[in-house]
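Let's go through this model together, one question at a time. Each answer works its way to the value or name asked for.

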Amino acid sequence: MTIGTKDLAVTELDGFDDERLVAELKKSKEELFNLRFQSATGQLESHGRLKAVRRDISRIYTILRERELGIRTAPSASE
């Protein structure tokens, strides 16, 4: 079982273009900021969500870096 957002599975992230990945990264970072803020003020109910969002961010960074190095290819425009 993978921890993280079900919508951000590696197979699904492979289908995103670089701009969409950057948008998902920005969205995840904003969510992480909000979760950390809730944690600091004692309002956070699900501490496991922090770990899941951090892993989502790591997955996105990994895919972007692999594409940069040529290990993984971006989806073609014809799809």
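Q: Is the crossing of H2 and H3 left-handed or right-handed?
A: This is a predicted model, in which local features need pLDDT of at least 70 and side-chain atom pairs count only at pLDDT 80 or more, while totals for chains, interfaces and linings use all residues. Residues are numbered from 1 along each chain as its sequence is written, and side-chain values use heavy atoms, with hydrogens and water left out. A crossing is left-handed if the near helix is turned anticlockwise from the far one by less than a right angle, and right-handed if clockwise. By that rule, the crossing of H2 and H3 is left-handed.

Q: How are H2 and H3 directed relative to each other?
A: Axes here are lines fitted to C-alpha atoms, for helices over the stretch in contact, and angles run from 0 to 180 degrees between N-to-C directions. H2 and H3 have axes 9 Å apart and pack at an angle of about 155°. Angles under 35 degrees count as roughly parallel, over 145 as roughly antiparallel, 65 to 115 as roughly perpendicular and the rest as oblique. H2 and H3 are therefore roughly antiparallel.

Q: How many residues in the contact of H2 with H3 are charged?
A: Contact means heavy atoms within 4.5 Å. On the H2 side, the residues include Leu 21, Glu 24, Ser 28 and Leu 32, and on the H3 side they include Val 53, Ile 57, Ile 60 and Arg 67. Asp, Glu, Lys and Arg count as charged, Ala, Val, Leu, Ile, Met, Phe, Trp, Tyr, Cys and Pro as nonpolar, and the others, Gly among them, as polar. The contact has 11 nonpolar residues, one polar and, as charged residues, eight.

Q: Which elements run along the protein from the N terminus on?
A: Helices (H or I, at least four residues) and strands (E, at least two) are DSSP runs, numbered from the N terminus. The protein has three helices and zero strands. From the N terminus on, the order is α-α-α.

Q: What is the relative accessible area of Leu 13?
A: Leu 13 lies in helix H1, residues 10–14. Beyond its neighbours up to four places away in sequence, Leu 13 touches Leu 8, Leu 21, Arg 59, Ile 60, Ile 63 and Arg 67. Buried means under 20% relative accessible area, exposed over 50%, and partly exposed in between (1.4 Å probe, protein chains only). Leu 13 is buried, at a relative accessible area of 0%.

Q: How far apart in space are the C-alpha atoms of Arg 67 and Asp 14?
A: Arg 67 sits in helix H3 and is buried, with a relative accessible area of 11%. Leaving out residues up to four places away in sequence, Arg 67 touches several residues, among them Asp 14, Asp 17 and Asp 18. Arg 67 and Asp 14 are 53 residues apart in sequence, while C-alpha to C-alpha they are separated by 9.9 Å.

Q: What is the relative accessible area of Ser 28?
A: Ser 28 has its place in helix H2. Not counting residues up to four places away in sequence, it touches Leu 8, Val 53, Ile 57 and Ile 60. Ser 28 is buried, with a relative accessible area of 5%.

Q: Is Glu 24 buried or exposed?
A: Glu 24 belongs to helix H2. Apart from neighbours within four places in sequence, Glu 24 is in contact with Leu 8, Phe 16 and Ile 60. At 11% relative accessibility, Glu 24 counts as buried.
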